[in-house]
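Here's a quick tour of a few spots worth a look. Have the viewer open as you read.

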Amino acid sequence: MLRWFLPGLLAGCLLILGSGAVMTRTSENSFCDSCHMHPNAASRWKRSVHYDTRSGTRTDCVECHLPPKGEGLLVAKAKAGARDVWGKLTKDPEAIDWEVKSQPEYARRHVYESSCKACHENLFPATLSKEGDDAHLYYTNYAESRDIHCINCHLNAGHHIEGYVPGANMDFGLRAWVEGAVWEEPARVEEFATFTETIPGTTVSFTMMAVPGGRFFMGSPPEEPFRRENEGPVREVLVDSLFIAEVEVTWDEYLAFYAMTSGEGRSTDTEGMRLEMAGVDVVTGATPPYGQPDQGWGLGSRPVITVTFQAAEAYARWLSQMTGKRYRLPTEAEWEYGARGGTSGPYFFPGDPREYEGRGIRRLLARPDTAVINRYVVYAGNSRSRTAEPMRVEANPFGLKNMLGNVAEFVSDWYADDAYARYPEGVVVNPTGPAEGTERVLRGGSFRDEAGRVRVAARAPTTTDACLRTDPQMPKSIWWYSDCNYIGFRVVAEYDARTGRGSNDP
Amino acid sequence: MSDEALSRRGFVGTAVAAGVAGAALPLFLTGCSAPRREVTIPVFLDQAPDGPLLTAGLVGCGGRGTGAALDFLNAGPNLKVTALGDVFPDRVNACRERLNRDKGQEIPEERSFVGFDAWEKVMDSGVDVVLLATPPYFRPEQFAAAVDARKHVFMEKPVCVDPTGARSVIVTARKAEGLGLSVVTGTQRRHQRDYVATYREVARGRIGELVSATCYWNQGKLWHRDPNPAWSEMEYMIRDWVNWCWLSGDHIVEQHIHNLDVIHWFMGAYPVSAVGFGSRHRRVTGDQFDNFSVDYVMEDGRHFHSMCRQIDGCADNISERVQGTKGWSNCQNLIADHAGKELWKYQYPLDEEGNPTHAVEVSPFLQEHIDLVTAIRTDKPLNEAEATAMSTLVAIMGRISAYTGREVTMEEVMGSDMRLGPRVFAFGPVDMPNEVPVAGQPYVART
């Protein structure tokens, strides 16, 4: 018995000491960095506030990317290690979209909030700014019920992000100015034909496609794959001729509005809204956003995102004033008529949604053949989780681009599940949706959606509360969504068949 | 611990002997259905313990402030008031004389500050504690500055008049907590021994689970000042402050907060919504109502009702009442079952002839300062600011509902940017609307 005791004790000690050493060694930054292949993970960490701290204290990889001791550290470490080894052996780092993985909804899976709070015990240090006061109060009130993570506001804490502003972004969009001649006059429209609108006082122009009115069947038949109940019953609808913007409103277009009107309310309060609610006939501009409205994906011809429904309507009112035309958001019927372009299937191009869908049992067997859908739609299958410039896709038969993908679009109708069933029998003429409601309709899927959700007939309600989930401002912004980076909009202009003119100028 | 050992004197004796004066006694409660809840029963001393000199500066030298300064000085040994500040010189002078006459405090001229910036000078004068007793409008900013300057604070209720102020006080309260500062807030029922003893009995389940509550502050007319041709509009408003919503928060906030706070304390929760009525029948000056009636709803669906009035010649009642599954209590000294049978009564001290008195041993106004000084000297911080800010916000929620006629939710007020009062402070005209609110919409004839 005894002769086994000493060697056993020795082996035990070695094991304990050894595993301790392994734990230590595998928790060092150099060990993490020896495999971790994200470009610049280490250098961006060195430029972050967690490395270059005022006190000189350095925060290491595992202090954020693993939970604190006693809160599942070993299990999390084992899991992360296994995942990393598997990734190292089987994945091509070049093929991984690291930028997507840096977005909060992905990054939060690898940043432990319990670890944030293990160090940052006091969320209300005496040095906290006024903006920080409000934000941390919002966090302590709603972190649980609204699922808010520290990195929703402090995404750049561990790895530097160029241009990241965790707070009121007063400079946003101010330097965005499209090179070129400044337009003096808006476009003259004398006949029903596609025209290029020019916004006076700006360098911005865009194309409005003439879409001749007609009858079509709105909604989808019960047998359509991925159909939802709210897409029916199918109704025959008549829509008048109108102009529909070739592409979703771009950042260039929206920022022209922002730059010219934001003088009305260049603060983060809602003064502008009050003027409007009081019935004063002025177009008041958006207040500065909180954070990065473009998500760092770029401005230019990419579709504007993260603006609210009210901001979209304000933009259309402003555009009408600037051009003397009647610009507005499309109705749901106008939108679907435009998107179908005279076709009647799930898409305006050939193909079965089941063939294109990237999820489901079929995908275990074979990769989808997406050559056709890729030509027309920016969706989950090809978007790398962000918006695309409109030049990337081809137009539909009416010459409209990105009706089905890129960003979901506001239309002016209130949302109801049974909106189509509510219309009177027979052909419905220029329907405008339910008389009242709480959320608007979103049409056309986005870069986040799979093929089944970018069908022409797919529809969904806006989710205002969710879109403002992490906005800590009191009150929340009426101009910018903090959390909906997949919604934009498109404008239409009315056409007056009696005068043959597209304008309402006197 | 037995009931016997929990009796105040018995426990205080032990606490003092053990050198943990002022310690709070946690009481663990279990119920069949309710989750385990921990409540804290404060332990009261008759005097704060001795210690190094603590100096206080008073901001707001009216009746309430002067009273607070006297209570501070009476709280224990080695306490001094060394600076005064008020917007009006007559207030500073009267207070200075009173503190000199009653307590022999010599506050020199150069530490008696007058004007809208007097409070900043008081805070810069090297005091350890600031006593904030101006009209509540000014509280959030002064409290933030006091904590920023690492001062312990006594401040009168209410602690703000609008949601912006409430959020500011909540944040400052948390900063004070991080800094280990003590803050006592003038909701003196929480320092009144009969209330606390009753709370302990209710928390132990004497009346079962609480199902509803009612609270009242119905009294006659409060005071007002008539305009004086020598005063600017700003001076007039401040001198007449209990009649102006931007300064006082209206009487549901300014006065009734005491009773609302007791309900929150006993029920252990704040309401999530309110629907209120109110109107102005007989108020003489200002822009406030003189009566409110509000139905508050808790998250779990329990309701409680609040009533307050400042009109002469009506039924008066200043009290609270909580209803439980097994009985009820007036929150102050009595517990009875549903049949009206007395289950428990607070034992007031006896007078010289051996008859029970009707007052607690130590005035709750004095007790607040004893508790504050004890917390500072024993380094066991006491911080009531957030609880009082929440109670103030509940009162504000009721006020907004009565003013507008709408249901108002806690989520709404918590996220509201409402900020009352002028943007500029100087003696002169006050540029802001001050009509008395009218609820709802006017009738429009439909033809």
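## Helix 6 of chain B

Just past helix 6 of chain B, Arg150(B) adopts a positive phi of about 65 degrees. Helices here are DSSP runs (H or I, at least four residues), strands are E runs of at least two, and both are numbered from the N terminus. This is a predicted model, in which local features need pLDDT of at least 70, side-chain atom pairs count only at pLDDT 80 or more, and totals for chains, interfaces and linings use all residues. Residues are numbered from 1 along each chain as its sequence is written, while chains are lettered from A and ligands numbered from 1 in the order in which they are written.

In helix 6 (residues 139-148) of chain B, Arg139(B), Pro140(B), Gln142(B), Phe143(B), Ala146(B) and Val147(B) are buried, meaning that 20 or more other C-beta atoms, placed from the backbone, lie within 10 Å of their own. Down the helix axis, these buried residues fall within an arc of 165 degrees, so they line one face of helix 6 of chain B; the arc is taken over directions from the axis to the C-beta atoms.

## Helices 7 and 14 of chain B

Helix 7 of chain B packs with helix 14 (residues 385-404) of chain B at an angle of about 170 degrees, their axes 8 Å apart. Axes are lines fitted to C-alpha atoms over the stretch in contact, with angles from 0 to 180 degrees between N-to-C directions. The two helices are therefore roughly antiparallel, the term for angles over 145 degrees.

## Domains of chain A

Chain A splits into domain 1 (32-152) and domain 2 (195-494), with bounds from an automatic or database domain assignment. Their centres, taken over C-alpha atoms, are 34 Å apart.

Key:
A residue is buried if 20 or more other C-beta atoms lie within 10 Å of its own, exposed if 12 or fewer, and partly exposed in between; C-beta atoms are placed from the backbone. Angles under 35 degrees count as roughly parallel, over 145 as roughly antiparallel, 65 to 115 as roughly perpendicular and the rest as oblique.
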